[in-house]
Structures are given as structure tokens and as C-alpha cells.
Amino acid sequence: GAHVGSIALGVARLVGPNGHVVAFEADPRNAESLRENRDRNHLTSTLRIVSSAVWSYSSNGISFRSGGEKRAHGGVEMDGQRPVLGIGPLINVPAVTLDDFVANGGPTPQLVKIDVEGGEYDVLRGGDRLFSTHRPLIAAEIHHKQAADQIRPWLVEHEYSCRWVAPVEKFPCCLFAWPKAYRGPAWMWTSGTDAIGGMFRLRAG
């Protein structure tokens, strides 16, 4: 989820007037703050906000656990999955798959950034067609071992190379993945290294 835009706003500036960023945020409070931050930074033409969770299937309403005191900690609580640090009330939010979003006219991404408090595998599952056909890059924060164990065979199946970067405590860790034909190491050492530091700094804050 985009939360209040710490990363989405910066990327929207980087892509410039000819680029486009789509930010998904399921928590209505966060989405409203994100819209205010986008408008304040004059990024309405570059940054599109979708008030929805991204999940393994599309739905008009799924259970979402609010983050509590730290609003960044919210996430989908369905099918045995719950956000690792979410302690707020349960609310219903819409959900969409990446495949359905693109099929319904959304832009096809070149890079997919994922930070959903433990549901990373479900996001990837909902984009099987996207990742098989259009082959975007992946930058994800993986929050627990179960998700990592599910994602590793998914990457092999979809023919993605990857690099995992983990702190001493192992989780959350960063995953960078790219199609095998792509110059992954070059991407990792240019943009990837900065993203690693940014993810961990944001998490610690």
C-alpha cells in the first residue's frame, strides 16, 4: 500500500511529466492523506490514486485490519492472512487484482513496488498474466518467512531472477526481482541500492 505517499510522491517526481505512477491504498484515512499530499505537491497529472487493496482476487469488499497507532501497519485480513503488526479495527474495503486492473484499462506497469504487511504473495498471484506477459520489475518488502517460502517457487515458475536483502533479524526483508533476460545486476546497483536503504529507513521510522 502507498500509505501517505513517502515513496509514491518521490517516484512521481522522478518519472517526470511523461511518466505515470499508480498508488493503491486501501485504508480510507491513508488514501485521503495521500490525496492531500499529492495535490499539495502539484502531482495530480502524474500520480493516480486507487482507493483499493491489491489482492489475489477482485472483490467489492474484503476484510482489512487497520494499522492502529501506526497507520502504515494495516493490511488485508483474509484466508488465513493478517497484517503482521495491524491492531486496529476491521473494516471492509474493495480489492482488485493487478490483472483485472490492467484488463480494465489501467496502465501496464514497468515496475511493481509491493509493501502490504505480509500479503505479498497474494499480490503476485493476482498478477500472473501481467508478470508472464509484460514482465515488469518487482521491488517488494517481504514481512515473514511464510510469504518468502511461497514467493521463491513463484519466481522460478515465472522465470524471474532475484536478489534478497535481509537485516540481521531477517524480516522484513527486501526482494528485487527481474525477468531473466533483463540486466538485473545493473538495475540493482543503480536504483536498487537506493531503494533498499529507503525501504528500511521508512520501516524504522
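On the surface, Val11, Leu14 and Val15 make up a nonpolar patch with about 260 Å² of accessible area together; valine 11, in helix 1 (residues 8–15), is partly exposed at a relative accessible area of 31%. Partly exposed lies between buried, under 20%, and exposed, over 50% (1.4 Å probe, protein chains only). This is a predicted model, in which local features need pLDDT of at least 70 and side-chain atom pairs count only at pLDDT 80 or more, while totals for chains, interfaces and linings use all residues. Residues are numbered from 1 along each chain as its sequence is written, and side-chain values use heavy atoms, with hydrogens and water left out.

The structure holds 8 salt bridges, each a side-chain nitrogen of Lys or Arg within 4 Å of a carboxyl oxygen of Asp or Glu. One of them joins arginine 35 and glutamate 32 at 3.2 Å, N to O; these residues are 3 apart in helix 2 (residues 28–40), and therefore separated by about one helical turn.

Another salt bridge, with its closest N and O atoms 2.9 Å apart, pairs arginine 65 with glutamate 77, linking strand 4 (residues 59–65) to the loop between strand 5 (75–76) and strand 6 (90–96). Glutamate 77 also forms a salt bridge with arginine 82, the closest N and O atoms being 3.9 Å apart, and through shared partners Arg65, Glu77 and Arg82 are joined into one network. Arginine 65 is buried, with a relative accessible area of 18%, whereas arginine 82 is partly exposed at 40%.

Technical notes: Patch = residues over 30% accessible without salt bridge, like charges linked within 9 Å, V, L, I, M, F, W, Y side chains within 5 Å. Areas by Shrake-Rupley, 256 points an atom, 1.4 Å probe, with all protein chains shown as cover. Helix = DSSP H or I, 4+ residues; strand = E, 2+ residues; numbered from the N terminus.
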